[in-house]
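Trainee: I would like to learn how to read a structure. Can you take me through one?

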Amino acid sequence: EFRKYPDIAVNYKYVDKNLFHSEYEYQKITAYIKQKVNAKKLGYFTYNIEGGKTLGNAPYIDLNIPFGNQLILTDDYAFNLMNFMEFVSDQHITIDAHHHFEGLILDIIPLINRLKWRSFIFGKAFFSSLSDNNNQSTYLFPQNLSPNNNPYYEIGFGFENIFKFAKIDFTWRLTPGEGEYIRFLIKPSFKLSF
């Protein structure tokens, strides 16, 4: 649904050291903003922006660990070429933007236009840092989990409305990583379109 103004949400969490005799005391605040914008003849544009900060000393599992998707299917809310538990931070900004061209491009190609496929492009970015206060201060991180010192980027394009329910993404990872990682992947997913 197209909206004139974006949706905004804020989440706040406070952990008291004295309550339940915890080893930790911290505050965590996360803000979200998202919108679907009608671009008229150019299709439509969606964006999701998330920013968060953890104040105090928190266990790594409650810091920000972006969701990496190593499944064969695309997840629109995840980084599809990031490994599970690859990065950790206590301060972050995540940006996810998609532009759907609807029939603007594919409808002008003979024969292809009969398929009624729709094209889109997208970009995702993750900017973050980890303070010394939370960098393995109480417990060591799991082996592959590390602070993200450089921005993480994914870009790509795809086709949707394939047989009215299928979608396919062609995704590139622009950020090098530690250990094994995939630079490019083609991933399908399924979504009903009418």
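**Contacts, salt bridges and cores**

Mentor: Leaving aside neighbours within four places in sequence, Tyr44 is in contact with Phe2, Lys36, Val37, Asn38, Ala39, His98, His99, His100, Glu102 and Glu160. Contact means heavy atoms within 4.5 Å. This is a predicted model: local features need pLDDT of at least 70, side-chain atom pairs count only at pLDDT 80 or more, and totals for chains, interfaces and linings use all residues. Residues are numbered from 1 along each chain as its sequence is written, and side-chain values use heavy atoms, with hydrogens and water left out.

Trainee: Where is the place of Tyr44?

Mentor: Strands (E, at least two residues) and helices (H or I, at least four) are DSSP runs, numbered from the N terminus. Tyr44 belongs to strand β3, residues 44–57.

Trainee: Does Tyr44 count as buried or exposed?

Mentor: Buried means under 20% relative accessible area, exposed over 50%, and partly exposed in between (1.4 Å probe, protein chains only). Tyr44 has 14% relative accessibility, so Tyr44 counts as buried.

Trainee: How many salt bridges does the structure hold?

Mentor: A salt bridge is a side-chain nitrogen of Lys or Arg within 4 Å of a carboxyl oxygen of Asp or Glu. The structure holds seven. One joins Arg173 and Glu86, at 2.7 Å from N to O. Arg173 lies in strand β9 (residues 166–173) and Glu86 in the loop between β3 and β4 (87–88), so the pair ties together parts that are 87 residues apart in sequence. Arg173 and Glu86 are buried.

Trainee: Which residue forms a salt bridge with Arg3?

Mentor: Asp7 does, with the closest N and O atoms 3.5 Å apart. Asp7 is partly exposed because its relative accessibility is 31%. Arg3, at 42%, is partly exposed too. Now take Asp169 and Lys167: their closest N and O atoms are 3.1 Å apart. Both of these residues are buried. Salt bridges can also share partners, and in that way Lys13, Lys28 and Asp62 form one network.

Trainee: Which residues make up the largest nonpolar core?

Mentor: A nonpolar core is a set of buried Ala, Val, Leu, Ile, Met, Phe, Trp, Tyr and Cys residues joined through side-chain atoms within 4.5 Å. Here the largest has nine residues: Val15, Tyr24, Tyr26, Ala58, Leu63, Val88, Leu130, Phe141 and Leu145. Apart from that core lies another, of six residues, including Phe79, Phe87, Phe126 and Tyr152.
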